[in-house]
Amino acid sequence: MAESQISGGCACGAIRYALSEPPQFAFHCQCRPCQRATGSGHASAFVVAKDAATVTGDVTFFDRPSDAGNTVSQGFCAACGSPLMNKNSGHPDSLYIHAATLDDPRFFNPGAVLFNSAAQPWDFVDPALEKWNPS
Ligand SMILES: [Zn+2]
Ligand SMILES: [Zn+2]
């Protein structure tokens with residue numbers, strides 16, 4: 001991923017972000033909260049250092065408890081409804097950004113599937129990907 005070109009935003013353009021570092025890890029997540037947040041079978045997201053992200057515009061956060069006892073804050077654009085980025089109180093230095101918000105989503109390169117145990121029978125992801133089921 002060309003580091004100077006990692007940028008993205010929501011559907012209406014009110015929120016934009018730019019990254020000074022490449023993603024640390026990319027994944028699909030099939031947990032139920034990600035299904036609800038995306039309205040689909042899974043979220044596709046990547047992790048970046050929070051300090052590497054410059055965000056402009058007002059991200060609205062919906063807080064919910066995670067199974068691990070942390071607070072997950074699901075960030076979205078209140079104007080257009082696009083899911084953009086999550087925070088997790090257990091990992092305060094990280095930001096979890098939804099892949100298709102990238103200006104060039106082809107760069108997304110998932111390395112694992114999370115919460116595959118919660119997958120819907122109609123949701124197909126690359127079967128070669130490693131499956132993680134955090135407890
Ligand atoms: Zn928007
Ligand atoms: Zn999830």
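Which spacing do the donors of the zinc ion (ligand 2) follow along the chain? The donors follow the pattern C-x1-C-x2-C.

**Basis of the description**

This is a predicted model, in which local features need pLDDT of at least 70 and side-chain atom pairs count only at pLDDT 80 or more, while totals for chains, interfaces and linings use all residues. Residues are numbered from 1 along each chain as its sequence is written, chains are lettered from A and ligands numbered from 1 in the order in which they are written, and side-chain values use heavy atoms, with hydrogens and water left out.

**The zinc site**

The zinc ion (ligand 2) is coordinated by the SG atoms of Cys-29, Cys-31 and Cys-34, at 2.1 to 2.2 Å. Donors are N, O and S atoms within 2.8 Å of the metal (3.2 Å for Na, K and Ca); water is not among the atoms, so sites may look incomplete. Cys-31 and Cys-34 are both buried; the term buried denotes under 20% relative accessible area, exposed over 50%, and partly exposed the range in between (1.4 Å probe, protein chains only). Cys-29 is buried too, its relative accessible area being 5%.

**Cys-29 and strand 3**

Cys-29 has its place in strand 3, which spans residues 25-29. Helices (H or I, at least four residues) and strands (E, at least two) are DSSP runs, numbered from the N terminus. Strand 3 is mostly covered, with four of its five residues buried. Setting aside neighbours within four places in sequence, Cys-29 is in contact (heavy atoms within 4.5 Å) with Cys-34, His-42, Ala-43, Leu-114 and Phe-115. The C-alpha atoms of Cys-29 and Trp-132 are separated by 9.3 Å, although these residues lie 103 residues apart along the chain.

Strand 3 runs parallel to strand 10 (residues 112-114), to which three bridges join it. Two strands are said to pair if DSSP finds at least two bridges between them. Within strand 10, Leu-114 is the bridge partner of Cys-29.

**Strand 4 and its partners**

Strand 4 (residues 43-49) is largely enclosed by the rest of the structure, because six of its seven residues are buried. Strand 3 and strand 4 pair in the antiparallel sense over five bridges. In this pairing Phe-25 stands opposite Val-47, and Ala-26 stands opposite Phe-46. Strand 4 is also joined by five bridges to strand 9 (residues 94-98), again running antiparallel, with Ala-49 opposite Ser-94.

**Nonpolar cores**

A nonpolar core is a set of buried Ala, Val, Leu, Ile, Met, Phe, Trp, Tyr and Cys residues joined through side-chain atoms within 4.5 Å. The largest has 18 residues, and those with the most contacts inside it are Tyr-17, Leu-19, Phe-46, Met-85 and Ile-97. At least two residues of this core come from each of strand 2 (16-19), strand 4, strand 8 (83-88) and strand 9. Another core, of 10 residues, lies apart from it and includes Phe-27, Cys-29, Ala-45 and Tyr-96.

Residues up to four places away in sequence not being counted, Ile-97 touches Tyr-17, Leu-19, Ser-44, Ala-45, Phe-46, Val-48, Leu-84 and Met-85.

Three strands form an open sheet in the order 1-2-5, with antiparallel pairing. Its edge strands, strand 1 (7-9) and strand 5 (53-56), each pair on one side only. Three bridges connect strand 1 with strand 2, and Gly-8 stands opposite Tyr-17 in strand 2.
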